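Hi there,

Here is the structure I promised to pass along.

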Amino acid sequence: MREAGEIRIEELVGEAAEQAAYRLMHQLRHHLNEADYRAHLRAMRAFGYRLFGLFVEDALVSLAGGYILHSFYNGRYFYLLDLVTDVSRRSQGYGEKLLAYVERWAEEQGCEKLEITSGLAREEAHRFYEEKMGYLKASYIFRRAF
């Protein structure tokens, strides 16, 4: 990986940090305008959603967000819903660094596993999870809209 300066990873809290994250989140969640993003984020935070950012120098380059949950199948686990690296910074190892950080953080929080949801069409992301990060494709998610 080619590193271009100091890298830091931190949890993004507060209005300014959340607002700065919208530009990146929109690259993953195209359907969200900024007002909807902020409304969803407020609601998700109320249920424990955590958002982490990887910075190169002072530029926010990658985001990861999800919840600590419990289930009969997984026990206590971190459910990663969002992982995105700026399109201009991909394939430089930033997503790998951020995901590894979130894995360690989740383990420190007493999680037994980390589970990722990824849309069927995101084949590049699936190669990253399976081939680079060692994740196993364990199930499908079925959805019905109302």
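A word on naming before the rest: helices (H or I, at least four residues) and strands (E, at least two) are DSSP runs, numbered from the N terminus. Please keep in mind that this is a predicted model, in which local features need pLDDT of at least 70 and side-chain atom pairs count only at pLDDT 80 or more, while totals for chains, interfaces and linings use all residues. Residues are numbered from 1 along each chain as its sequence is written, and side-chain values use heavy atoms, with hydrogens and water left out.

Grid points are joined across faces, edges and corners, and a volume is the space filled by probe spheres set on the points.

The largest pocket holds about 1300 Å³. Its lining counts 38 residues, and Ile116, Thr117, Ser118, Gly119 and Ile141 lie nearest the centre. At least two lining residues come from each of α1 (15-28), α2 (34-46), β4, β5 (113-116) and α4 (123-132), with β4 giving the largest share, five residues. By type, the lining of the largest pocket splits into 21 nonpolar, eight polar and nine charged residues.

Two or more of its lining residues come from each of α1, β4, α3 (94-108) and α4. Here α4 provides the largest share, five residues. The lining of the second largest pocket is made up of eight nonpolar, seven polar and five charged residues.

Now the strands, where two count as paired if DSSP finds at least two bridges between them. β2 (residues 50-56) runs antiparallel to β3, and seven bridges join them; Phe52 sits opposite Ala64 in β3. The β2–β3 hairpin has two residues between its strands, and Glu57 in the turn has a positive phi of about 55 degrees. β3 and β4 are also antiparallel, with 10 bridges, and Leu69 has Tyr77 in β4 as its bridge partner. Three residues lie between the strands of the β3–β4 hairpin.

Asn74 is in that loop, between β3 (59-71) and β4 (75-85). Is Asn74 buried or exposed? Asn74 is buried, because its relative accessible area is 5%, and buried means under 20% (1.4 Å probe, protein chains only). Its side chain makes a polar contact of 2.9 Å with that of Glu115; such a contact is a pair of N or O atoms within 3.5 Å, where within protein one must be able to donate a hydrogen and the other to accept it, and residues adjacent in sequence count only if both atoms are side-chain atoms. Beyond four places in sequence, Asn74 is in contact (heavy atoms within 4.5 Å) with Glu112, Lys113 and Glu115.

Finally, Phe55 belongs to β2 and is buried at 10% relative accessibility. Leaving out residues up to four places away in sequence, Phe55 touches Glu6, Ile7, Arg8, Glu10, Leu12 and Leu60.

Best wishes

Terms used. Buried < 20%, exposed > 50% of the residue type's maximum accessible area, 1.4 Å probe, protein only. 1 Å grid on protein atoms, 1.4 Å probe; cavity = no way out; pocket = protein on both sides within 12 Å on 5 of 7 lines; lining within 4 Å. Nonpolar A, V, L, I, M, F, W, Y, C, P; charged D, E, K, R; others polar.
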